[in-house]
Amino acid sequence: MNEFTRRGFLGSAAAVGGATVVTTAVPGAGTAEAAVPEAAEGGACGARTGLVQVDRTDRRYQDLVSRGFNGRFRGKPDAVYVVHTADQVVDAVNRALDAGRRIAVRSGGHCFEGFVDDPAVRAVIDMSEMRQVFYDSAKRAFAVEPGATLGEAYRTLYLDWGVTIPAGVCPQVGVGGHVLGGGYGPLSRRDGVVADHLYAVEVVVVDASGRARKVVATSAAGDPNRELWWAHTGGGGGNFGIVTRYWFRTPGATGSDPSGLLPKAPKSTLRHIVTWEWSALTEKAFTRIIDNHGAWHQRNSAADTPYASLHSVFYLNSKAAGQILLDIQIDGGLDGAEGLLNDFVAAINEGTGVEPAVQRSTEPWLRATLANKFDTGGFDRTKSKGAYLRKPWTAAQAATLYRYLSADTQVWGEVSLYSYGAKVNSVPETATATAQRDSIIKVWMSATWMDPTQDDANLAWIREIYRDVFATTGGVPVPDDRTEGTFINYPDIDLADPAWNTSGVPWHTLYYKGNYPRLQKVKARWDPKNVFRHALSVRLPD
């Protein structure tokens, strides 16, 4: 199913130069001996690689500064620090601060905005070599380092223990930033967002004296650092410090058997790909599909729904793509799974008068999960926006979607509708920093292109469709009875621009609702010098 991806339709180690390697000696050992870290159970796991500092004269520099997903942004920091341990992160942060360099952090590199590639950023802490995934018996939880990709985490958790986390669909995304934003994916209707399973974090913070140090914060009620843990359950990246390790355990899980401490992965993935050709879609048929889709989710988003393990993404592609596409999957081991999928497809298409094409497949869960690779095919310039829907689209909104998506334009735009709710909505909105706990559909809008000369046309398209869809609430999805703001992992600097957000509701309310003042208190305690900041970072309280 690799060809059916959210962007697939767009295109169907020698040290050289100015690199510096810093090794940390083991106390009491000879200076030639490198430190050896402990594995999960206390054994040696090989020689530690020292902190690597790469400057602009190093041949590795371009690779490191061009790892960002969005080709609209390319940074030019003075240095990139490739780190392998938490202690090296502490060292790198202190070195950057001593040099007066503004810091940004990169794990997987999938940020949609230019937060890491901001021209003001002079030092990047690159986490991509911190990739361990293991069971930590002392914490009775699974440890995952931030440089691991979701695919690497899925593979190890599943093959070694048969468990998983309800994280994202793209295996190339880094765990680091994904978890910080709350993180969701195909299993979220069944198991909640990934942050619901976060037990602890190890974070490198910078105190009031301007020096970096490590802190571990857990969800335990008596932990004096608990608020720091809470802020990392959806507070977003680049706000409070640098996470060097996550620990996952489902709340309420008991015992010491690792296989019982996180959700079981499905046995298999049953999948239907449903496509409607734009040439067959009238406005009436299109809006009927949109109405059916919203009504189904309104009926089937309670936590106890028999459709809890059903996940779908409806790719409403612009007419230039030729078709719209509904990608549905469900746990193939569920009794009656095929019937549930067939009923879902019938409900979405009911009354349209159009016969879609349907492709069916069944694959082992891990194989299907790791196959979901997204490749831009060179179309790496993008602008994204998001929203949460508490109720289906109105007739006016559906008409607006049709008007923009059916237009004869060369813009390759997309409005993706993700199945949401169910178990996600069983958690109180203050229990984690992920505040959106009453929505049925998550929306991601994007325009993606290749040629820099087309920037203006594509940016205008995505900004205008978003503004017009949410025209009755000032061009943005204000938290109210119909919408519930938007997702911090879909960062959009336009929300802080009064030219595009005329609602009078600040950007941080759209992302965090009533949780923002609490996040500000965490910021004041753990990053009082505002070392970690970007265009949409949590601000220090006045």
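The structure is a predicted model, in which local features need pLDDT of at least 70 and side-chain atom pairs count only at pLDDT 80 or more, while totals for chains, interfaces and linings use all residues. Residues are numbered from 1 along each chain as its sequence is written, and side-chain values use heavy atoms, with hydrogens and water left out.

View 1. Seven strands in the order E14-E11-E13-E12-E16-E17-E15 form an open sheet with antiparallel pairing. Its edge strands are E14 (357-364) and E15 (381-389), each of which pairs on one side only. Neighbouring strands of this sheet are turned by 15° against each other on average, direction ignored, where axes are lines fitted to C-alpha atoms, for helices over the stretch in contact, and angles run from 0 to 180 degrees between N-to-C directions. Helix H11 (residues 455-469) packs on the sheet and touches E15, strand E16 (413-419) and strand E17 (441-449), its direction making about 160° with that of E17; contact here means heavy atoms within 4.5 Å. Strand E11 (residues 268-277) pairs with E14 in the antiparallel sense over eight bridges, and Ser 361 in E14 is the bridge partner of Arg 271.

View 2. E8 pairs in the antiparallel sense with strand E10 (residues 242-248) over six bridges and with E9 over seven bridges. Ala 200 has Trp 247 as its bridge partner in E10 and Thr 218 as its bridge partner in E9. E8 and E9 form a hairpin with five residues between them, and Gly 210 in the turn has a positive phi of about 85°.

View 3. On a 1 Å grid over the protein atoms alone, a pocket is an open set of points with protein on both sides within 12 Å along at least five of seven lines, a cavity is a set of points where a 1.4 Å probe fits but cannot get out, and lining residues have an atom within 4 Å of a point. The second largest pocket is lined by 22 residues, of which Ala 195, Asp 196, His 197, Thr 250 and Pro 251 lie nearest its centre. Helix H5 (188-191), strand E8 (198-206) and helix H6 (226-231) are the elements that give two or more residues to the lining of this pocket.

**View 4. The second largest cavity.** The residues lining the second largest cavity include Tyr 154, Ile 165, Pro 166, Trp 365 and Asn 372.

Technical notes. Helix = DSSP H or I, 4+ residues; strand = E, 2+ residues; numbered from the N terminus. Pairing = 2+ DSSP bridges.
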